[in-house]
Amino acid sequence: MGFTKRPTFRVERDSCRCIDCGVCVRQCANEVHYLDIDTKEVLCDSTNCSNCRRCVELCPTGALAVWGAPQETSGNAAWAVHDIRAIQAQANSGGILLTGMGSDRPMPGYFDRMMLNASQVTNPSIDPLREPMELRTFLGRKPTVLQLDDKGKPVDLPPQLELDVPIMFSAMSFGSISLNAIKSLAAAAESENTYYNTGEGGLHRDLYPFGKNTITQVASGRFGVNIDYLNAGAAIEIKIGQGAKPGIGGHLPGEKVGQGVSETRMIPLGSDAISPAPHHDIYSIEDLTQLIFSLKEATEYTKPISVKIAAVHNVAAIASGIARAGADIIAIDGYRGGTGATPLRIRDHVGIPIELALAAVDSRLRDEGIRQEVSIVVGGSMRHSADVIKAIALGADAVYIATAALISLGCHVCQKCYTGKCNWGIATQNPQLVKRLNPEIGARRAANLLRAWKHELKEMLGGMGINAVESLRGNRLMLRGVGMMDSELRILGIKAAGE
Amino acid sequence: MKRIRIKEEYCIGCRLCEVHCIAAHGKYKNDLIKTFKRDCNRPSPRIVIEEKEDTCFALPCRHCREAFCIRSCLTGSMTRDPETRLVHNEVERCVGCWTCIAACPYGAIVREGRHTKIAAKCDLCGQDPACVKHCPNDAIVYEEVGEDDHYDACNHR
């Protein structure tokens with residue numbers, strides 16, 4: 001028994017406003033809009049609409065709207081419509097359900113239930129427009145004791161990353177996103193003096209000029225890893241796991257491996273790029289030490305080494321091991337972290353919230369007296385500057401943003417990245433679609449986002465009477481929990497509001 | 001001297017430039033809905049998207065330094081403004097012989113409309129081109145160019 005595919009969204013065309021110009025027809029890679037050859041009218045069939053809203057945004061007369069299709073509102077309290085749909089799809093295909101981006105389940109968010117402090121009467125707040133406000137952040141191992149030479153310069157200071165704003169663009173590989181998207185992020189990172197991350201896709205030759213703002217990643221597939229690649233960036237990140245798919249590897253289908261991706265990843269044209277679930281040379285913390293020090297040797301101890309893991313149950317103990325293994329930075333990706341493609345059930349059910357993981361790791365490293373040995377970077381759904389500042393107050397040194405960065409480039413979070421038909425030219429390798437993202441516009445918009453968040457961070461810091469982000473780091477007294485259980489407050493290390 | 005420059009690598013072939021060009025030169029200036037729904041004699045777009053396989057780009061008049069259209073015009077209606085150096089068609093003198101359309105190597109001159117024979121071409125919308133303003137991907141830009149960058153149809157570079 002087969003079911004006819006029904007639309008999840010309904011495209012509505014206001015015929016009073018539609019001028020049959022056909023812009024929607026030419027812009028929809030899902031072929032929802034079409035020109036009727038008999039009547040010369042532009043019509044649409046919503047079946048394949050992904051709600052990417054490209055047509056809505058480009059329609060010159062505002063004639064289009066996309067709604068949830070009426071049949072998608074059926075279901076009941078026990079059997080939600082997406083559960084029913086998933087079973088129907090699997091009954092049809094017999095396969096794993098794929099999806100893109102971060103989890104969209106209505107899980108309780110902790111950031112939203114933490115409130116920030118502000119100064120009133122007893123200590124003055126600071127106006128960042130009138131007084132200096134420092135957001136500069138250094139990532140890397142800090143010495144236990146600072147020794148200065150005759151000229152007052154620090155002796156044996158481990159390599160550090162210097163950021164003007166404690167926000168970096170998270171790992172997104174060339175392959176999962178387009179070269180124009182990466183160029184946009186690289187240029188924005190350069191102009192705002194922060195970093196973007198290559199992901200596991202290697203470094204395209206056009207991106208070498210952005211080397212000083214690049215974090216190069218070494219993942220289980222080792223795609224594109226060579227000595228030039230390792231030396232090209234400012235830091236190296238060993239990717240163990242990511243929040244959207246902890247414990248499993250990656251798979252870039254062959255059709256996305258075109259000339260550019262093939263050369264950059266150093267794999268044959270059109271071949272599937274498969275990242276194994278584990279690194280086949282890492283089965284213990286000692287093995288991780290070997291890889292960390294191999295990379296340090298290869299780059300002559302000039303670059304900090306980061307280790308990225310997904311937030312999972314024993315994250316605090318794992319982070320402690322990573323710190324002791326010699327890493328300079330630990331990147332933790334929460335369960336809401338995004339991706340280009342992931343099995344739906346893994347994305348939605350594996351991992352733990354980043355707020356709890358971060359608090360647990362920071363507390364553990366402090367208790368063990370090794371917090372200064374590593375910097376902590378967290379990612380996984382940093383939606384706005386308040387999330388960033390709360391993460392820093394919980395103990396993060398900096399944050400990674402990816403979904404937010406892509407939204408600044410045009411992404412409308414339709415979660416169809418895995419189809420390779422991104423109408424916004426982001427998660428695609430189709431040259432006609434890639435063209436749609438002009439990296440000059442993208443760089444401007446992503447840099448604007450960073451600048452906007454920077455202003456907001458300064459305002460919030462000023463309100464708390466703090467004039468440097470360093471003074472907020474791990475300062476959990478600036479947070480209060482609303483509507484949380486005692487165990488959650490204990491793990492987060494914060495007091496309840498009113499206490 | 002400002003001219004329209006085309007960035008082929010960012011043209012997405014949406015044809016919004018054509019749509020806005022039509023409205024900008026129509027009876028209901030810049031009103032898209034009235035132009036397309038009420039004006040059955042609406043003008044042709046002065047900018048046209050050229051498209052083949054993966055390649056597309058917008059093509060307006062280049063205002064060539066040595067313009068074939070001016071040379072070929074039978075009535076002298078196709079002239080160059082001595083001040084702005086723009087090539088323009090004086091509609092009162094144009095007889096609609098279409099020699100300019102045949103002569104233009106870029107195909108940038110069009111018939112004014114379905115019911116009007118005279119030739120029409122890009123006039124840069126009085127220094128504020130509608131196509132540039134509405135291009136969603138900055139694939140058409142309006143910028144200062146030097147005398148040397150001036151296109152020359154006779155001496156194609």
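Colleague: What should I know before I start?
Modeller: The model is predicted, and local features need pLDDT of at least 70, side-chain atom pairs count only at pLDDT 80 or more, and totals for chains, interfaces and linings use all residues. Residues are numbered from 1 along each chain as its sequence is written, while chains are lettered from A and ligands numbered from 1 in the order in which they are written.

Colleague: How many residues of chain A are in contact with chain B?
Modeller: In chain A, 17 residues are in contact with 17 residues of chain B; contact requires C-beta atoms, placed from the backbone, to lie within 7 Å.

Colleague: Which element gives the most to that side of chain A?
Modeller: Helix α1(A) does, with three residues. Helices are DSSP runs of H or I with at least four residues, strands are runs of E with at least two, and both are numbered from the N terminus.

Colleague: Now the helices: at what angle do α4(A) and α14(A) pack?
Modeller: Helix α4 (residues 179–191) of chain A packs against α14(A) at about 45 degrees, with the axes 8 Å apart. Axes are lines fitted to C-alpha atoms, for helices over the stretch in contact, and angles run from 0 to 180 degrees between N-to-C directions.

Colleague: Which residues make the contact?
Modeller: Among them are A:A181 and A:L185 of α4(A), and A:A443 and A:L450 of α14(A).

Colleague: And in chain B, how do β2 and β3 run?
Modeller: Strands β2 (residues 48–52) and β3 (residues 55–59) of chain B run antiparallel, joined by five bridges; pairing requires at least two bridges found by DSSP. B:V48 stands opposite B:L59.

Note on methods
Contact = placed C-beta atoms within 7 Å.
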